[in-house]
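Good morning, everyone. Please have a look at the chain on the screen while I talk.

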Amino acid sequence: MTWLRLAASVVVLALILGGATWGLDIWRARQAEARYPPDGVFVDIDGQRVHVVTMGDHGPAVVLIHGASGSARDLTFDLAPELAKRYRVFVPDRPGFGYSDPLPAGQDTIFNQAKLLQKATLEVGARNPIVLGHSYGGAVAIAWAVTLPDTLKGLVPVSAPSEMWDSGLPLLYKLTAPPLGQALLVPLISAWTPPAVIAAEVRDVFKPQQMPKGYIRWFGPGMTLRVTTMRVNARERASLKSQIAQMIPKYPQLDLPVVSVHGTADTIVSEKIHAIPFTKTVPGATLISLKGIGHMTPHVATKQVVEAVNEVAKRAGLN
């Protein structure tokens, strides 16, 4: 009877914890969505809803693709408004982030994302744009150029993974990408991670620079902590390396203006491993190397990123 009572107690506690986690997940997601409502337009692409923020009313089209654990809000904090002085800027939420529907599990590759975002941004007026992607979004931007070369005028990878690397998958994604982690661990992290921990993680991504004042309030990390978004993020991160491997042989065939921007102090995506060999492989590509700059280049070196877009526009005959 003692073991039966113990087992029953464990089951009851598990049910209580599960119920509390489920309820807290829903509450936190609703709080985040109430605080950060959609500020763009929605388009339907083959039954897939995509949210796109637009800025600027004149000039060539520029599409900005955000990185992992983010949304369009990341790039609308400072980069998009600056570019909108000279360009028509389109900033989609990648599928599963912000207010865009997720792609089915196993189909959320950088190639399918590129195809979806090309169609979605074209729907709202981005015909043959310059495509800029930051971090993971840079890999999506490169996939766009590799697989849909006739639909863009230029490419600006910013702090972007583009080559193979030796290090393994970080522990967080090893735990949260497999089905069991997706089912059990992700809801626990989503529900119980303290806001102070989230804020510290965001600040760390900016190192060695300081996080800009007002960024975290604008960015809305609570949106990233939603269960669905965390699941998508983990799956994407776990499968990224194998997808990049598929693109590398096609880099020498790229025939468009390419300017990469990368910081020498980026410890998340190394310039030496990624941007330097990438720009050596792509015909005519150039690299703007920023000494001492870390991973969050769009925010800590906004001027240089804008200059990269201007250079691509010039080479493409758009300015």
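I will go through some helices first, then a few loop residues.

Some ground rules. This is a predicted model, where local features need pLDDT of at least 70, side-chain atom pairs count only at pLDDT 80 or more, and totals for chains, interfaces and linings use all residues. Residues are numbered from 1 along each chain as its sequence is written, and side-chain values use heavy atoms, with hydrogens and water left out.

Helices here are DSSP runs of H or I with at least four residues, strands are runs of E with at least two, and both are numbered from the N terminus.

Start with a pair. Helix α5 covers residues 136-147, and helix α11 covers residues 227-247. They pack at an angle of about 35°, and their axes are 11 Å apart. The axes are lines fitted to C-alpha atoms, for helices over the stretch in contact, and angles run from 0 to 180 degrees between N-to-C directions. The crossing of α5 past α11 is left-handed. That term applies if the near helix is turned anticlockwise from the far one by less than a right angle; clockwise is right-handed.

Which residues in α5 and α11 meet? From α5 we have Y136, A139, I142, A143 and V146; from α11, E236, L240 and M247. Contact means heavy atoms within 4.5 Å.

Next, helix α7, residues 179-192. Its 14 residues reach 20 Å from first C-alpha to last, close to the 20 Å expected at 1.5 Å a residue. The expected span is 1.5 Å times one less than the number of residues. Where does α7 bend? At L185, by about 35°, and a proline, P187, follows within four residues. The bend at a residue is the angle between axes fitted to the seven residues ending there and the seven starting there. Buried residues of α7 include V186, P187 and I189. Buried means under 20% relative accessible area, exposed over 50%, and partly exposed in between, with a 1.4 Å probe and protein chains only.

Helix α14 spans residues 302-315. It has 14 residues and also reaches 20 Å, close to the 20 Å expected. Among its buried residues are V305, V309 and V312. An α-helix has 3.6 residues a turn, so residues three or four places apart point the same way. After α14 comes G317, with a positive phi near 75°.

Now the loops. Most residues other than glycine have a negative phi, and most peptide bonds are trans.

S69 is not a glycine, yet its phi is positive, about 55°. S69 sits in the loop between β3 and α2. In that loop we also find S71. Is S71 buried or exposed? S71 is buried, because its relative accessible area is 6%. Beyond its neighbours within four places in sequence, S71 is in contact with H66, D93, G98 and F219.

N128 has a positive phi too, about 50°, and is not a glycine. N128 belongs to the loop between α4 and β5. N128 counts as partly exposed because its relative accessible area is 31%. Leaving aside neighbours within four places in sequence, N128 is in contact with D150, T151, L152 and K153.

Last stop: the bond joining K207 and P208 is a cis peptide bond, with omega about 10°. P208 lies in the loop between α8 and α9.
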